[in-house]
Number of protein chains: 2
Amino acid sequence: MKRIYFQAGPTTLPKEVMEQAKEEWDDFQGTGLNIMEHSHRGKHYEDIHEQAKSRMRLLLDIPDTHDVLFLQGGASLQFAMIPMNLISQGKTAKYVLTGSWSEKAFKEAKRIGSSEAVITGKDSEYRTLPKMDYVPSDSDAYLHITSNNTIYGTQWQDLNTFTHPTLIADMSSDIMSKPFSVSNYALIYAGAQKNLGPSGVTAIIIRKDLLQDHENVPSILSYAVHAKNKSLYNTPPVYSIYLLNLVLDWVDRSGGVAEMEVRNKKKADVIYNAIDRSNGFYNGYATPESRSLMNVTFTLGNSDLEKQFIKESEENGIYGLKGHRSVGGFRASIYNAVPQESCESLAEFMDHFQEKYGK
Amino acid sequence: MKRIYFQAGPTTLPKEVMEQAKEEWDDFQGTGLNIMEHSHRGKHYEDIHEQAKSRMRLLLDIPDTHDVLFLQGGASLQFAMIPMNLISQGKTAKYVLTGSWSEKAFKEAKRIGSSEAVITGKDSEYRTLPKMDYVPSDSDAYLHITSNNTIYGTQWQDLNTFTHPTLIADMSSDIMSKPFSVSNYALIYAGAQKNLGPSGVTAIIIRKDLLQDHENVPSILSYAVHAKNKSLYNTPPVYSIYLLNLVLDWVDRSGGVAEMEVRNKKKADVIYNAIDRSNGFYNGYATPESRSLMNVTFTLGNSDLEKQFIKESEENGIYGLKGHRSVGGFRASIYNAVPQESCESLAEFMDHFQEKYGK
């Protein structure tokens with residue numbers, strides 16, 4: 001039986017990417033080595049490194065005002081690097097809380113410098129994204145948002161509406177899933193393991209005026225140092241960037257970010273429709289106006305059936321549906337690489353399960 | 001023509017490891033996915049994660065007093081994490097300078113806290129390891145050494161002779177190459193990309209009394225946080241750790257670290273002998289008593305022949321010999337995965353080249 005996966009990340013990569021990587025496994029461009037066995041200072045890897053950056057630029061239409069970096073450490077390291085580099089004397093970092101990840105980002109910022117939560121969606125148990133009515137102040141170091149909230153299954157619907165001179169977004173779980181205007185943002189970061197590749201690399205898009213040296217920031221944690229060294233200050237995660245480059249190529253050949261959005265909407269619709277037509281047999285966790293195209297979260301009206309739902313889904317070859325422990329229920333993560341057919345199979349299973357138990 | 005490589009890292013992995021990884025590429029244990037597509041919270045990856053730790057423990061005979069961590073960011077991130085976590089009020093970090101990497105480690109420590117270089121080999125242009133006569137002081141935060149110096153080709157010959165209550169070693173380029181007593185060390189760190197696997201993961205061995213919470217250290221940079229979370233505080237570099245685990249298995253099946261030392265001595269001997277019998281046609285950069293078993297550095301008596309040496313070596317299928325720009329000449333990096341035959345082919349080529357040009 002074919003298995004299909006809806007994992008929250010790390011998760012499935014596009015089939016074509018995995019095939020190409022397998023083909024190049026023992027002999028990258030006639031060298032007799034895998035690309036991961038090549039020096040990061042050699043021409044073979046450097047070409048990939050530059051190509052990955054160019055593809056990021058092309059796909060997201062990144063203006064010349066911004067630099068692209070590939071770092072290690074995931075979003076969690078960015079939670080520290082951002083305040084370390086960007087909270088200067090007399091300024092306060094402002095955070096918008098929309099779920100566990102923005103809470104974590106805020107918590108880390110507080111360890112490092114003056115930081116304040118200015119908007120929160122906690123009252124709604126993070127089911128609804130709050131009204132974004134924050135008015136920028138001269139004393140703001142920056143304003144930090146999380147574009148998609150994997151655990152609660154909410155997502156800011158339009159990334160172009162926020163206005164802050166130093167807007168920062170954690171886009172780990174929805175970068176490359178839909179077009180938006182990069183120029184609205186001072187800094188964007190994304191751990192690769194949802195939409196960009198395997199774990200082990202983080203993509204950063206940073207406005208060049210933020211690339212400033214700081215005497216007390218360790219070199220390895222300085223955006224300026226990494227930018228100056230074109231993300232080769234230290235040995236990069238060669239293989240993760242190689243795969244990220246192949247994923248970007250796949251997005252490009254598939255029709256780019258606009259096409260990803262078309263596909264993602266169609267995929268999400270299939271599952272949300274199964275929830276909505278169930279008359280309360282399934283309940284969406286996120287309120288409809290805040291629903292994510294990346295993570296569909298839902299519970300069962302009769303929670304006694306939860307174990308049975310997981311059991312039977314796995315019997316049908318469907319894996320990775322268990323929701324995060326803080327929300328319970330189920331979560332179908334449908335990042336770019338998840339095909340339409342997988343979503344249809346899930347919706348079909350949901351209908352059958354309801355027919356069977358929904359008396 | 002078969003190509004052989006002597007790269008300084010990232011570099012070749014054991015052939016058997018690459019074969020196994022290829023075999024498991026599209027279907028890890030019947031799941032229909034590559035291991036990198038699995039959740040880091042799932043059983044499949046967790047087994048690998050724990051196995052890799054156990055194998056580290058077994059191969060290096062790590063006592064229960066020490067923990068094993070797998071982090072991202074390479075040795076360069078350790079240059080920052082060590083002083084951030086371990087220089088406390090009133091203490092001074094002490095550094096032994098034996099080359100570029102220890103200089104970098106020291107430079108980063110100075111940004112963070114009170115730090116002092118107490119021994120240096122710079123007078124010898126880092127050709128010779130200095131006399132290790134430092135007497136520990138109560139005000140030492142720690143004493144930091146670099147066990148092998150890739151650029152200069154020097155290596156501390158016996159890792160068991162140093163005595164300091166808080167001894168820290170960067171073993172990035174020779175961990176797993178010979179046995180030593182872990183209990184002499186408070187902290188050992190090693191970027192994987194020489195002897196342990198591909199780039200993207202760093203192994204840390206840390207004495208448990210150093211695992212202390214620090215209010216001002218960001219969570220992602222705290223050893224205590226990573227230890228508490230068994231190196232799963234954030235998404236680990238899944239595929240790098242999977243390959244590291246296979247490399248450790250390969251070391252084990254090959255006869256362990258003691259056998260690695262036997263092989264490495266034999267390999268290095270072949271090339272050092274070619275240098276020594278050349279009567280000055282080749283000159284070793286490191287003085288004989290400080291020679292590294294991992295990086296053999298040498299120059300040509302007649303430096304006009306350098307370009308020709310590289311050209312003809314590549315015509316003979318030998319790659320990666322160019323020395324670091326700060327030393328010039330040549331460097332043959334012969335980490336664990338480089339086979340004896342490669343070293344013999346290089347020595348043979350060196351002899352032929354001398355016959356041809358050494359009039």
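**Briefing: chain interface and domain interface**

B:Pro10 lies in the loop between strand S1 (4-5) and H1 of chain B, where helices (H or I, at least four residues) and strands (E, at least two) are DSSP runs numbered from the N terminus. This is a predicted model, in which local features need pLDDT of at least 70 and side-chain atom pairs count only at pLDDT 80 or more, while totals for chains, interfaces and linings use all residues; side-chain values use heavy atoms, with hydrogens and water left out. Residues are numbered from 1 along each chain as its sequence is written, and chains are lettered from A and ligands numbered from 1 in the order in which they are written.

**Backbone details**

- The peptide bond from B:Gly9 to B:Pro10 is cis, with omega near 0°, and the bond from A:Gly9 to A:Pro10 is likewise cis, with omega near 0°.
- A:Pro10 is placed in the loop between strand S1 (4-5) and helix H1 (15-23) of chain A.
- A:Glu125, in the loop between strand S4 (115-120) and strand S5 (140-146) of chain A, has a phi near 55°, a positive value in a residue other than glycine.
- Most residues other than glycine have a negative phi, and most peptide bonds are trans.

**How chains A and B meet**

- Two salt bridges are counted between the chains, a salt bridge being a side-chain nitrogen of Lys or Arg within 4 Å of a carboxyl oxygen of Asp or Glu, and A:Lys22 forms one with B:Asp26, the closest N and O atoms being 3.1 Å apart.

- Chain A is divided into domain 1 (16-253) and domain 2 (255-357), with bounds that come from an automatic or database domain assignment.
- The centres of these two domains, taken over C-alpha atoms, are separated by 27 Å, and 27 residues of domain 1 are in contact with 28 residues of domain 2.
- The area buried between domain 1 and domain 2 of chain A is about 2200 Å², of which carbon and sulfur atoms give 53%, and A:Arg127, A:Ile151 and A:Trp250 are the domain 1 residues that lose the most area to domain 2, together 24% of what that side buries.
- Zero salt bridges are counted between domain 1 and domain 2 of chain A.

Note on methods:
Contact means heavy atoms within 4.5 Å. Buried area is the accessible area (1.4 Å probe) that two parts lose on being put together, summed over both.
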